[in-house]
Amino acid sequence: MSRTTEISATIVVPPSLPTVTLFGPGDAFLRVVEGAFPSVDLHARGNEITARGPAEEVTRVQRLFDELVIVVRTGQGLTAETVERSIAMIRGTQDEGPADVLTMNILSSRGRTIRPKTLNQKRYVEAIDRHTIVFGIGPAGTGKTYLAMAKAVQALQAKQVTRIILTRPAVEAGERLGFLPGTLYDKIDPYLRPLYDALHDMLDPESIPRLMAAGTIEVAPLAYMRGRTLNDAFIILDEAQNTSAEQMKMFLTRLGFGSRMVITGDTTQVDLPSGATSGLRVVQDILDDVEDVEFCRLDSQDVVRNRLVGRIVEAYAAFDAIRNPPPPAQQPRSARGTRR
């Protein structure tokens, strides 16, 4: 029986870097690494870490700390969650490392910088830069809409577009809206509120009414898009799983010259009436081979809310897989769904 080769390596933290920023308060980040690499013995003394264990795992630990040093040197503070995400990337087979992802700046606003936090988020952001139409599909909390909004504001500030158009379907646009008090805008406001909230994170709140009054930023229900041609705009369709196939076609054909579109949604949370087909579920089969259209998928590993949200998403996915297994004829298509 072959025996796993064990090695010992010393990782030196640069003297200019306070060890607490890398090891965490009370060595909390070191404990996260120890938990993730149980076969590696870690001992920290001063600015040195000794790692002993299987060669492959020790090499990963070395690379992890090298990447974290780069991240910290860019001025970012580490958290236990950041370290956990970095470990997941190190264990992956991709060429990009944590530093490639965590140091990618999209937008700075009021003292904070918006960045991707996972590899899939980075690829999603890059796809928005490269393609005219991008679909971001994944569960709640994966940053689909938030990152798209950040890219829209970035494009506006760089004068790549002259306006931002944000839209969502108002699924309950029949009876229930009618019972809400106020004008039509008051009635549709609850559906559009998440988009306003994201805008307030990225722009000076006092400037938003001015930009909206000037038409530079428009937030409207999807029904208002019919019959329009949208030129020189960054257009975001949120909650696209609640569009019908006809609405999705209508929206996509609004694309004008000099514009970009990002469509976000979660195909596991369709609120359409029973029997209605989600436009987001069918559009990939229709546009999968169309040039300059990209589909990006995020999953529970990309959830950037409370870590419990990721576990909840995984639990629901496992439950749905048992209750509703895909028909055999559809199983080969799952490989296409991972396309980036």
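Biologist: Why does R85 count as buried?

Modeller: First, a caution: this is a predicted model. R85 has a relative accessibility of 12%, and buried means under 20%. Since 12% falls under that limit, R85 counts as buried.

Biologist: What makes R85 and E81 a salt bridge?

Modeller: The closest N and O atoms of R85 and E81 are 2.7 Å apart. The cut-off asks for a side-chain nitrogen of Lys or Arg within 4 Å of a carboxyl oxygen of Asp or Glu, so the pair qualifies. Both residues lie in helix α4, four residues apart, which is about one turn of the helix.

Biologist: Why is E81 called partly exposed?

Modeller: E81 has a relative accessible area of 24%. Buried is under 20% and exposed is over 50%, so a value of 24% puts E81 in between, as partly exposed.

Biologist: Where do E126 and K122 lie, and how far apart are they in residues?

Modeller: They both sit in helix α6 (residues 119-130), four residues apart, again about one turn of the helix.

Biologist: What does R228 form a salt bridge with?

Modeller: The partner of R228 is E218, and the closest N and O atoms are 2.7 Å apart. This pair links distant parts of the chain: R228 is in the loop between β8 (217-221) and β9 (233-237), whereas E218 is in strand β8, ten residues apart. R228 counts as partly exposed because its relative accessibility is 23%.

Biologist: What joins E56, E57, R60 and R91 into one network?

Modeller: Salt bridges that share partners join these four residues. The structure holds twelve salt bridges.

Biologist: How do you know that helices α2 and α4 meet?

Modeller: Look at the residues: F29, V32, V33 and A36 in α2 meet A80, V83, E84, I87 and R91 in α4. Contact here requires heavy atoms within 4.5 Å. Two packed helices are described by the angle between their axes and the distance between the axes. For α2 (residues 28-36) and α4 (residues 80-91), the axes come within 9 Å and cross at roughly 35°. The crossing is right-handed.

Biologist: What makes L308, I312 and Y316 a nonpolar patch?

Modeller: These residues form a nonpolar patch on the surface, and together they have about 310 Å² of accessible area. To join a patch, a residue needs over 30% relative accessible area and no salt bridge, and nonpolar side chains are joined within 5 Å. I312 has 40%, so I312 passes the area limit. At that value, I312 is partly exposed. I312 is found in helix α13 (residues 307-323).

Biologist: Why is L195 called buried?

Modeller: Its relative accessible area is 1%, and the limit for buried is under 20%, so L195 is buried. The place of L195 is in helix α9 (residues 184-202). Not counting residues up to four places away in sequence, L195 touches T145, M149, L166, T167, R168, V219 and D238. The C-alpha atoms of L195 and R168 are separated by 8.9 Å, and the two residues are 27 apart along the chain.

Biologist: Why does K159 count as exposed?

Modeller: K159 has 75% relative accessibility, and exposed means over 50%, so K159 belongs there. This residue is in the loop between α7 (144-157) and β7 (163-168). K159 also has a positive phi of about 60°, although it is not a glycine.

Biologist: Which value does phi of E239 take?

Modeller: Phi of E239 is near 55°, a positive value in a residue other than glycine. E239 lies in the loop between β9 and α11 (245-252). With a relative accessible area of 25%, E239 is partly exposed.

Biologist: And how many helices and strands does the protein chain have?

Modeller: There are 13 helices and eleven strands. Of the 340 residues in the protein chain, 46% are buried.

Methods. Residues are numbered from 1 along each chain as its sequence is written. This is a predicted model: local features need pLDDT of at least 70, side-chain atom pairs count only at pLDDT 80 or more; totals for chains, interfaces and linings use all residues. Side-chain values use heavy atoms; hydrogens and water are left out. Patches are made of residues with over 30% relative accessible area and no salt bridge: like charges are joined within 9 Å, nonpolar side chains (Val, Leu, Ile, Met, Phe, Trp, Tyr) within 5 Å. Accessible areas come from the Shrake-Rupley method with a 1.4 Å probe; for residues, only the protein chains shown count as cover. Helices (H or I, at least four residues) and strands (E, at least two) are DSSP runs, numbered from the N terminus. Buried means under 20% relative accessible area, exposed over 50%, partly exposed in between (1.4 Å probe, protein chains only). Axes are lines fitted to C-alpha atoms, for helices over the stretch in contact, and angles run from 0 to 180 degrees between N-to-C directions. A crossing is left-handed if the near helix is turned anticlockwise from the far one by less than a right angle, and right-handed if clockwise.
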